[in-house]
Amino acid sequence: MRALATWSGATAGLMLILVGSLMPAALVLPLVPPPVVSLPSTWQVPALLAVALICGPRAGVMAAVAYLTIGLFDMPVFHDGGGLAYLLNPGFGYLAGFVPAAWLSGRLAQQRGMNNLGRLTLAAIAGLLTIQICGLLNLLLGSLVGRWSEPLPQLLFSYSLGPLGAQILLCIAAALVARLMRKLLVIE
């Protein structure tokens, strides 16, 4: 039964990540009329983190690996397309960070007493920081060997600093979704 739940969670997680990669994130402000503020991110990272928070580290890692596999085999699901050539893209380090981020967030969410919004948000932020560290390492190593045509400060802003604030806000949204789903699914 546990294997079925893991596979179901991984499959649902993969679909959620695929759809999340297509949807730009936005914030609706509580004003009249409600203005919509676009965020420099998609729902891809929060979808991954929500899957890990709800279904655990196994399903999260399986969904992340499936997503990377689909993208590396010429399905254009990544930001700039897909295919094996994407391994040489400056943003690939962030995608590679999906696997350890899913494991860490899922593992943290399984700890005792993790069923409140604040703790789930911190678990999601831990996953986001893992993605950021993997991406930054890729950018730095690529810069050291002269792989990127853009200067390192520009890459750091484009891939890390620019979307970071929006992604932190989206971690709160992922934690809120996870909290509600965990309550519905009677998870601790």
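Modeller: The buried residues of helix H5 are covered by elements that include helices H2 (44-55), H3 (57-72), H4 (92-96), H6 (117-144) and H7 (152-184). Helices (H or I, at least four residues) and strands (E, at least two) are DSSP runs, numbered from the N terminus. The model is predicted, and local features need pLDDT of at least 70, side-chain atom pairs count only at pLDDT 80 or more, and totals for chains, interfaces and linings use all residues. Residues are numbered from 1 along each chain as its sequence is written, and side-chain values use heavy atoms, with hydrogens and water left out.

Helix H5 itself runs over residues 98-109. Its 12 residues reach 16 Å from the first C-alpha to the last, close to the expected 16 Å (1.5 Å times one less than the number of residues). Its buried residues (under 20% relative accessible area with a 1.4 Å probe, protein chains only; exposed is over 50%, partly exposed in between) are Phe98, Ala101, Ala102, Ser105, Gly106 and Ala109. These residues lie on the same side of H5, because they cover an arc of only 120° around the axis (taken from the directions from the helix axis to the C-beta atoms).

Two packed helices are described by the angle between their axes and the distance between the axes. H2 packs against H5 at about 40°, the axes being 7 Å apart (axes are lines fitted to C-alpha atoms, for helices over the stretch in contact, and angles run from 0 to 180 degrees between N-to-C directions). H2 is therefore oblique to H5 (under 35 degrees is roughly parallel, over 145 roughly antiparallel, 65 to 115 roughly perpendicular, and the rest oblique). On the H2 side, contact (heavy atoms within 4.5 Å) is made by Gln44, Val45, Leu48, Leu49, Ala52 and Leu53, and on the H5 side by Phe98, Ala102, Ser105, Gly106 and Ala109.

H2 is mostly covered, with 11 of its 12 residues buried. One of them is Ile54, which counts as buried because its relative accessibility is 15%. The C-alpha atoms of Ile54 and Gln110 are 8.9 Å apart, although 56 residues separate them along the chain. After H2 comes Gly56, with a positive phi near 100°.

With H6, the axis of H5 crosses at roughly 160°, and the two axes come within 8 Å. H5 is therefore roughly antiparallel to H6. H5 passes H6 in a right-handed crossing. Residues of H5 that meet H6 include Pro100, Leu104 and Leu108, and their partners in H6 include Ala123, Gly127 and Ile131.

Finally, the whole chain gives the setting. The protein chain has 7 helices and 2 strands, in the order α-β-β-α-α-α-α-α-α. Of its 188 residues, 42% are buried. Among contacts with a separation of 6 or more, 67% join residues 24 or more positions apart.

Key: Left-handed = near helix turned anticlockwise from the far one by under 90°.
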